[in-house]
Structure formats: C-alpha cells, structure tokens
Amino acid sequence: MIDYRSDTVTRPTPGMLEAMNQAVVGDDVFSEDPSINRLEKMSAALFGMPAALFCPSGTMTNQIGIKCHTQPGDELICDFLSHIYQYEGGGIAFNSGVSVRLVNGDRGRITAEQVLESINPIDVHKPITSLVSLENTANRGGGSCYDLNEIQRIREVCDQKNLSLHLDGARLFNALVAKNESPLRYGELFHSISICLSKGLGAPVGSVLIGDTPFIQKARRIRKVMGGGMRQAGYLAAAGIYALEHHIARLATDHLHARLIAEAWQKKSFIGNIYPVETNIIIFEVSNTFTAPQLAVKLKENDILAIAISPRMIRMVVHLDIHEMDVQRTIDVIARL
Ligand SMILES: *Cc1c(COP(=O)(O)O)cnc(C)c1O
C-alpha cells in the first residue's frame, strides 16, 4: 500500500531507530531525562525562544497553550477550519472553558483585519477576547502557507489589543522550507508555538510547545494535570532530535512529489478544483463520475490509500515513506483511472 492518508503514518528510519537505541534517559517528571532536556533546549533555540516542553501530541501542546493563555469564559479567535476547533474533540471548551470566535479565512488563513473585527468590545455581555490562534501550514487549507507580513500585522493587532498569539505549527517546517523562512522570525512573532515531530519530520511520537520561561513553567504544570507527564520518554525525544537534525531539508522532496501528483490529477476530466499545492498536501474536488469515497475505494483497489475528507473532497499527504518510485506508480494509476 502507498499510504497518503496522513504524514503521521511514517515508521522510524534505521538511523532514527539507532538514535533511539542509543538514547540516554531519566525520569522526565523530575526533569532528569537528558534526551528530553536536549530536545527542549534545541527546539527553543531553533526559534530563539527561552523554553520548550515535550508533549505526547500536538493536540496536547495546542490545548496546553490555549489553557495557559486564557481564563474560563474568555474567547479565542481562529479560522473555521482550524485543527484546534475541528479536530481536538471540543478540547477548547473541555479543557479551558473558552468560547470560540470563528473566522472564514482563505484556505485556513485569516487576516489582521478579520482579527480586529472579531475582537469583542469591553462590555459585560461579551466574553473577553484573549487569544488568537493561527495554523501554518493550514491542514484543511491544503497545506497553505501564511504570508509573514500578514502574521506581522496580526501580531500588531494583538499587541494593541493585549491578546496572546499562538501558532499551531504542526507542519510549520513545511512552510519554512517552502517559503525559505527563518524559524527565528516565528519566535519573534508568536507568544507560543506548537510543532509536531510526528508529521512530516517522521518521528513516531511527540510535539513540542515553545514559549517564554514563565509560560513553559505553567505549561509543565498543566501537562502534569492532563496526564502528559512521561517518564523515560527520552527514547522518543531522541527520535525527535534526529528528525530535527536530518528531516527538515528533505521536506522539499515531499513538496515536489505533491506537485507531480497534483499535475496527474489535473489531467483527469472527473476532477474539479484542486487547491494550490504549496507544500505536502493535495486536496481536490471530485466531480460527477465518482463521489470522493468511491474514488478512495478505486484508489485502494490499486494499493493507494487516500482520505475522503467530505463527500466531494479527497486529501492526499506526501511524506518521508513515499519514495520516488511510489510517486511514479501513483501517477501511472491516476492516468489509468
Ligand atoms: C496533526 C495536527 C495536530 C496535532 O495532532 P496530534 O495527532 O494530536 O499530534 C495539530 N494541528 C494540526 C494542524 C495537525 O495537522
């Protein structure tokens, strides 16, 4: 099977397994795991931020971030398609008691003007707006990337209105590679950043929450409350360190592969709109001949796995375990459909 369902399906490479095997570990709840301490230092330094916290998942890093930045009864602003709203099980309400002001952005990306319009006035009737959360790349936007100038403008609005700015950077490295941007700039623009090691970077488990020292101290406490304090998880951190050291630059290959596959779909009469392929995600509409689930079944008969994300839309995600040969075979299958 060539598995395009998600970039989370990758298995550790031999080099990564070797790094895991060699890891020096300790009890991380006592902050005594050298591998985790190293991963946290490395991640913070990469973004020029003071501190970081290793967590089991990106859902947890986002949810801890939201909890740290808000009080129950507050409101946060995010795009309608955001992972924090669509795919975290109602965690914003469950964990933080926070309400959500949804914005209809452009393929998952919102503007400074939309943020400004969504901030509640100081009025006892209204929830207090305290947080803005952006997603880069935007998953449901088809891996779309933010324009850094727009993020800069959003940050200016946040500064004026005393709001915190969080980044769901599950696929931030895809954006950094695609747009040749510096992580340091992101460290300047956001109060907190969540990155996933288990997506395009190819680690088996783990996400990192990055921010200033008081924020991460608070986050460490909330991680424990949520049951996310792990013990000798340095074996996982070692995989994350290996991923940061070896798997960032190669994301450009995934982006190229995604474009080639999208070009193959473009030639098919039964394909409608294909979102611009900016990174490793391909989202397209299926018109008349098939529904999206029917097309997914057709692909599966040809040993290709993709997800129907709606009755008319398919998502394919390219990753480390999709090799050039697989891409060629996929293109051949698409041509024959
Ligand atoms: C995958 C993902 C997350 C985190 O998901 P986990 O499975 O909990 O690690 C967060 N945001 C986005 C945009 C994602 O794609």
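**Reading a predicted model**

Mentor: Thr 129 is buried, with a relative accessible area of 9%, where buried means under 20% relative accessible area, exposed over 50% and partly exposed in between, computed with a 1.4 Å probe on protein chains only. The model is predicted, so local features need pLDDT of at least 70 and side-chain atom pairs count only at pLDDT 80 or more, while totals for chains, interfaces and linings use all residues. Residues are numbered from 1 along each chain as its sequence is written, and side-chain values use heavy atoms, with hydrogens and water left out.

Trainee: In which strand does Thr 129 lie, and which residues is Thr 129 in contact with, leaving aside its neighbours within four places in sequence?

Mentor: Helices (H or I, at least four residues) and strands (E, at least two) are DSSP runs numbered from the N terminus, and Thr 129 belongs to strand 5, residues 129–135. Contact means heavy atoms within 4.5 Å; beyond its neighbours within four places in sequence, Thr 129 is in contact with Glu 75, Ile 77, Ser 118, Ile 119, Asn 120 and Leu 163. A polar contact is a pair of N or O atoms within 3.5 Å, and within protein one must be able to donate a hydrogen and the other to accept it, with residues adjacent in sequence counting only if both atoms are side-chain atoms. In this case the side chain of Thr 129 reaches the backbone nitrogen of Asn 120 at 3.0 Å. Ser 133 also has its place in strand 5 and is buried, at a relative accessible area of 4%; with neighbours within four places set aside, Ser 133 is in contact with Ile 77, Cys 78, Ile 84 and His 166.

Trainee: How many disulfides does the count come to?

Mentor: A disulfide is a pair of cysteine sulfur atoms within 2.5 Å, and by this rule the count is zero. Cys 55 is in no disulfide, and the nearest cysteine sulfur, that of Cys 68, is 9.8 Å away. For Cys 78, the closest cysteine sulfur is in Cys 158, and because 13 Å separates the two, they are too far apart for a bond. Cys 55 counts as buried at 0% relative accessibility, and Cys 78 counts as buried at 0% as well.

Trainee: Which residues are around the ligand?

Mentor: A residue is near a molecule if one of its heavy atoms lies within 4 Å of it; the residues around the ligand are Ser 57, Gly 58, Thr 59, Asn 62, His 83, Glu 88, Glu 135, Asp 168, Ala 170, Arg 171, Cys 196 and Lys 199. The largest share of this shell, three residues, comes from helix 3 (residues 58–69).

Trainee: How do the residues of the shell divide into nonpolar, polar and charged?

Mentor: Ala, Val, Leu, Ile, Met, Phe, Trp, Tyr, Cys and Pro count as nonpolar, Asp, Glu, Lys and Arg as charged, and the others, Gly among them, as polar. On that basis the shell holds two nonpolar, five polar and five charged residues.

Trainee: Which peptide bond is cis, and where is a positive phi found?

Mentor: Most residues other than glycine have a negative phi, and most peptide bonds are trans. Here the peptide bond from Asn 136 to Thr 137 is cis, with omega near -5 degrees, and Thr 137 lies in the loop between strand 5 and helix 7. Arg 107, which is not a glycine, has a positive phi of about 45 degrees.

Trainee: Is Tyr 186 buried or exposed?

Mentor: Tyr 186, in helix 9 (residues 183–189), counts as buried at 0% relative accessibility. The side chain of Tyr 186 makes a polar contact with the side chain of Asn 136 at 3.0 Å.
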